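Have the viewer open and follow along.

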Amino acid sequence: MSSQMYDTILRRGKLLHPSGSSATVDIAIEDGKIAAIAPSLGQSARLELELQGQIVSPPFVESHVHLDSALTVGEPRWNQSGTLFEGIEIWRDRKRDLTLEDVKQRAITTLKQQAMQGVLFVRTHADVSEKNLIALKGLLEVRDHVKDWITVQVVAFPQDGVYGSPGNAALLEEALVLGADAVGGIPHYELTREDGVRSVHQIFDLAQQYNRLIDIHCDEIDDDQSRFLEVVAACAFRTGMGARVTASHTTALGSYNNAYALKLMGFLQRTSLNFIANPLINITLQGRTDTYPKRRGVTRVKELWQQGQNVSLGHDCIQDPWYSLGTGNMLDVANMAVHVCQMTGTAEIDACYSMVTWNGAKTLHIEHQYGIEEGKPANLIVLNADSQYEAIRRRASVRYVISQGKLLACTEPAVSQWKLGSGE
Ligand code: FE2
């Protein structure tokens, strides 16, 4: 037996692979990195965790959340209609009172909630339609403040449109100068269709000029004539930037007629575009103008996945004007995707798990630092489940969260006891 002493060893964990397969192994951690993975390690460690066949997974990836508005539900009023547009009006009022401290405190509280539930990589949008860029500056400070335990990307997101007000385009560019990781947009909310198309071209120009990623809120509406995804796809195809580009929401794709959708899906296949669906919020936000039949308002997740596009999932909102619920748990998101997207086959359920892990890492363009392999940073989670199916079905608790080699959080699963007839 070797005398080498590791920092941590996880024993008898079921290590998940993106293919859906798994193997029971010991995993050793040293100096913040994965030092060894083997069926059985003879060495000892200062911290040893016996997993008894529980699954070990790379951390959850939250690929789409708005931390600047998180935890503001009811401020200054509740969204009674439940529509996207009432949400935007409420947020316009709430953001008049934003301060750096307000943004930072709510964002860090939300990130801690998410990290304790196994999320260690987050892409957040920051509203840059506000003249002092408070939301952006607050989230850039947060990105730095939390970097020792969670990785945050910030998207400069022009909530009111790039051309919705004079000065918005300049604010978007200023956000990149200040250090935003990605350029965002909202073409379906620009004043005209022409402005929407122009905004997409401007976003690609800025991304190339500043060497940033792109993540566009694209066609988040039930209008089957909202067709900015084709513009994003064309720009991605012509620039070759597809793998660095994300189309978020694309809910109108769920409303397009099949003849148009079939043509568009073929064009999408010629790009490496990433897609993000937010099933928790879009099942509640969309379909509000329908009577019956009432649309689901979520993009064609299954069909995009079937044709090999990278699809990941996000919360979008956690207790804000657009979505009053949300706990930060990515298994809630995956569970809802199984339902709303009808991903109930065995491979489909596993795919929904991949959409909150490996696929999210691909969307965030961080695959080089993500995954459980010798030499990579030791970021991993242990779930109180023995398969992806059980994790999603029971929304299993995350027993251990290890970030950059350190034990960040642990959770004792709730235990229920049958009392009737027990004599107590
Ligand atoms: Fe969003």
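How many bridges join strand 6 to strand 7? Strand 6 is linked to strand 7 (residues 119-127) by four bridges, and the two run parallel. The model is predicted, so local features need pLDDT of at least 70 and side-chain atom pairs count only at pLDDT 80 or more, while totals for chains, interfaces and linings use all residues. Residues are numbered from 1 along each chain as its sequence is written, and side-chain values use heavy atoms, with hydrogens and water left out.

Two of the bridge partners are listed here.

| Residue | Bridge partner in strand 7 |
|---|---|
| Phe60 | Val119 |
| Glu62 | Val122 |

Both strands belong to an open sheet of eight strands with parallel pairing, in the order 6-7-8-9-10-11-12-13. Strands pair if DSSP finds at least two bridges between them; strands (E, at least two residues) and helices (H or I, at least four) are DSSP runs numbered from the N terminus. Strand 6 (60-65) and strand 13 (310-313) are the edges, each with a single partner strand, so one side of each has no neighbour in the sheet. Even so placed, strand 6 has six of its six residues buried (under 20% relative accessible area, 1.4 Å probe, protein chains only).

Now to helix 6 (residues 229-239), where Leu229, Val231, Val232, Ala233, Cys235 and Ala236 are buried. Their cover includes helix 5, strand 10, strand 11, helix 7 (258-269) and strand 12 (274-277), with contact meaning heavy atoms within 4.5 Å. Gly240 follows helix 6 and has a positive phi, near 70°.

Technical notes:
Buried means under 20% relative accessible area, exposed over 50%, partly exposed in between (1.4 Å probe, protein chains only).
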